Amino acid sequence: MKVLFSALCLLLPMLVTAQNQKIIDSLNRQLPNITSDHRRIEIYNSIAWQYRRANLEKNQHYAQKALRLAEKVDFTEGKVESYYAIGAGFMESQSYEKALTLYGRVLHISKKVKYLLGEAKGYNGLGALYQYQKNYPKSIKYYQKSLKIKQQIGNLDEIFNTYYNIGNAYWRWEKLDSAATYIHKSIQIALQLNHQSKAADSYDILALIKVDQGKIDEAFGYYDHAISMSEGSGNDAQTALLYNDKGYLYQKTREFKKALQSHNQALTLYQKIKYLRGYARVYSSIGRLYWRQAKYNEAIEYYHKALQIYTQLNRQTDIAKVYDNIGLIYSNQALYKKALDYHHLSLNIKLKLNNKHLLARSYWYIGLVYKDKNEYEKARKYYFKIIAMEDELDDEMTIAQINYSLGITYWYNGNYPKALDYYQKALSTYKKNNHIKEIAKCYEAIGIIHAQQQDYPLAMEFLLKSAKFRERLKNKNSLIYCYNNIGNLYEDNNDYRLAGIFFQKALKLSKLTNNSQGLADTYLNLGHLEVEKKNFPQAIVYFSKVKKMNHIDISARLQNKIYWGIACYYLGNLTQALALINEGMEAARKQHRLSLVKIAAKTQAKVYKALGNYKKAYQSYQVFKEASDSLHNVGVTRKIALLQAKHAFNKEKDSIQRVQTHEKALLNAKIIQKDLTNRLQYRTLLSVSLGLLVTLLFAFYTNKSRRVKQQLNNILINQQQELRYKNEVLEVSKEEITAQRDMLEEQKQVLSLYKDRTGQSFRAARRIQKAFLPTKECLFSIFSDFFVLYLPKDVVSGDFYWATEVNNTKVMVVGDCTGHGVPGAFTTMIAHKLLDQIINVEQMASPATILNKMQQVFQQKLMDDKNRYVDIGLDAAVLTIESNSSQVVQVTFAGARQSLNYILPQNNKIHCIRGTRKSIGGMRLKKREFANHQMLLPKGSLLYMGSDGFADQNNKASERFGTDRLLRILEKHHQLPMKRQKNKLMNILFKYMVGVEQRDDILWIGVKL
């Protein structure tokens, strides 16, 4: 790889893809022969548009040439298109104010001359501009205005673009259902236009939507559709991008080998078209791949490869991004000085670019490093720099993220009121924009603070809210962290049973997602729980599992050593305990983890005491005391910060109260002055009256209260008896409900386990079945030109194909087993086994003989324990091909309810040979043999065989596709290459079945002689 990279760097910088360069070269070749000024303006604008992302200077050069000529000949539409291309160039280079001015000019001119398409483009440009700035409501508002005009015009290409843009904006806004709706609309138009490249773009974004919805299998399916269509259109740059995106999805599912394979496929295509920026993109992706696996040296190596290319291409924004990624990797390793060096390199570039959004990102990264270093004041300094840019950024989501980060720093400082204040600010913004993932994160943070304030009921309320939102997102990795936090909270409350249940939930998800860090954290929690329960042997089992794991962070490793050492001490294994405690404490000191140093030192002192080394025991105790004092000081600092916060609040409250008190004093003075004049004359009268009144009331009250008291006592006795009875009933009901709830919870867990096991079994079955099918390499070794269209309805399929070559005779079998899914799949395995025995072992090569033999075996073997036939079977077509001469091929066919279709080279008509009208399997009262059909066909003839799934597929109107229509399509497109024929069939099928599910397994095979 290093040698290859050095060679690639000798190439001239390629600022546009090969695909775009072909378009630019073609347009430039047309210019010398153009006599029409209008046409010349259109070509200049088209070239400017192609350069909008890659080269701002050339974008402006060609657009300005078009603009000058358009003004000279007074061509208004040409001027509009020029301003639109210039605006796009500025937008892509993140000069948003300039882009806004130009899109406004596009709108003004277009409305003035009633140029509808120009007006639609102006609104589209504004939509894209606000989308780049993450203002999604405004973005969608302008896209909708653009769409309305384009629908009025009826321009399908432009309608496709706007549907795609709206779907993309909704996706970035996390409105996933709306996003999917618009992307499906764009796919329908792309298929209607037969534009494979556009359809591939839409399938790409649809795959990303499915990832965010947690539907990973569907996402992989859409990537396969996208890649197939992109390859069919011959767009290598797009195909490379899709392979790279698919690699990121494999990274997300932690299938790292497959991820690397996809990234390398992307790299091969970029090398083919000599697109240097593409190499850098893939190198960055591979760097990210190694970063995810905690292979930091390899990750940095690939980021430096990307950096070298971006430097060669002078891609300053991309260079800054790579610096930031390297900085984050060093931060993960607690190499904070190196991390800051790289983040400052990135910051210097962004300061020169004067891009506020990029600057905000750098300030955030630097703040994160200082936060990890426990230098919270410095972290806040950089976060407040971003808050000061709020008006310029006009991005409330970024501000919400910074408020959340500020909350974290105040939490670590122990200033809980301020932490809660900033978390609530972030939560308010996320709720307003319905960002479920971020809402869950805020609820979790607020819950943890309440837990540290020992308000456990409120803490649990927020943590369970967070879990509920994460379950809605189906984000398994974030649920692992959430379940562990809930388990820790129950453990702090000494509820070990519930703590264990949530730790086991986290463990199950960690294994399911292959999340090594989540698995390590959960094993640590389970081990710590067993230590608390005094079950030290089981604790060591969990700790030993963590020790064997790779790709986990430093913190998990040092905690594992310390708690493992504690368990060993209590089991009496003092030597191992001391070794583990010493290692753990040294690492904890380097990481400035005082709480872990305290725990380790305390146990270390106990171990030395047990070993009789009192001097070292005393030294360890001193370390323990120092750590305790330091933590006490931190606690005091936190209390001071808390008191300061409360004092500031009370001070503000007191200032308001002082103003209110002063106003009340003035009013009271006036009232008192007035009252004093009247009070004296009424005092005597009031005293006498009051005395008489009190005497009368006392006598009346004493008499009445005696009677009321007796009545109340009687009522109270009755109520107490009734209440005692109701309490007994409620207690019984409560016990019943609790028992039912526990039983339902257990059943739910069992069902969930069975579901996961079933899913794993199905996936394993799919891999096994796929391994039985001939590989592409195997088919290429037998047939020089062919296609296979294989679309299972379920995870496994009841359709299969089989091929081999025996004694210079090529054999192809296509089978459609009874049913689909699991029953059909089992039958395919039986059929594979029979075909191997009959053809490869017994050397039978006559199609009719092969079918008759299969029928005989099915009738002999497929009987149940009561000698009744099992009602399974299959329809099959068997084909043999033998070359008689250089120009003629002998084809022999036999079918069990299957046909062979063929087209001769000089004849455009499709012919059909029907097989015997009986299936293989089941009981037949009347014996009927299968028959051969022999033909001599010229080379270049086309043969087609397949199952009935394609013809039986219905559309929204419940109409079958039909065999006649399928044969007409094959007849119409038979002159295309075999791969293109397959793509045509797929496109027509997908367009026909939009909005409905696949009805049956689909298999069609074409072979060219």
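How many salt bridges does the count come to?

Mentor: The structure is a predicted model, and in it the count comes to 25 salt bridges. The general idea is that side chains of opposite charge can pair when their charged atoms come close. The cut-off applied here is 4 Å between a side-chain nitrogen of Lys or Arg and a carboxyl oxygen of Asp or Glu.

In the pair of Asp 324 and Lys 350, the closest N and O atoms lie 2.7 Å apart.

Glu 396 has a relative accessibility of 32% and so counts as partly exposed, whereas Lys 432, at 62%, counts as exposed.

Glu 255 and Lys 258 form another salt bridge, and their closest N and O atoms are 3.4 Å apart. Both partners are partly exposed, since the relative accessible area is 29% for Glu 255 and 40% for Lys 258. Beyond these pairs, Arg 277, Arg 315 and Asp 318 are linked in a network of salt bridges.

Helix H16 (residues 296-313) contains Ile 300. Ile 300 is buried, with a relative accessible area of 9%. Setting aside neighbours within four places in sequence, Ile 300 is in contact with Ile 326, Ile 329, Tyr 330 and Gln 333. From C-alpha to C-alpha, Ile 300 is 6.5 Å away from Gly 287, although the two are 13 residues apart in sequence.

Another part of the chain holds a sheet. Five strands, in the order E2-E3-E4-E5-E8, make up an open sheet with antiparallel pairing. Strands E2 (799-806) and E8 (933-938) stand at its edges; each has a single partner strand, so one side of each is left without a neighbour in the sheet. From one strand to the next, the twist averages 20°. Strand E2 is joined to strand E3 (residues 809-817) by eight bridges, and Tyr 801 stands opposite Val 814 in E3. Helix H35 (residues 821-841) lies across E2, E3 and strand E4 (874-883), running at about 10° to E2.

The average pLDDT of the chain is 83, and 85% of the residues score at least 70. Residues 639-643 have a pLDDT below 50, and this stretch makes five contacts beyond near neighbours in sequence. Residues 649-656 also have a pLDDT below 50, with zero such contacts in the model. Where pLDDT is low, the predicted coordinates should not be read in detail.

Note on methods
Residues are numbered from 1 along each chain as its sequence is written. This is a predicted model: local features need pLDDT of at least 70, side-chain atom pairs count only at pLDDT 80 or more; totals for chains, interfaces and linings use all residues. Side-chain values use heavy atoms; hydrogens and water are left out. Two strands pair if DSSP finds at least two bridges between them. Helices (H or I, at least four residues) and strands (E, at least two) are DSSP runs, numbered from the N terminus. Axes are lines fitted to C-alpha atoms, for helices over the stretch in contact, and angles run from 0 to 180 degrees between N-to-C directions. Contact means heavy atoms within 4.5 Å. pLDDT is the predictor's confidence in each residue, from 0 to 100. Buried means under 20% relative accessible area, exposed over 50%, partly exposed in between (1.4 Å probe, protein chains only).
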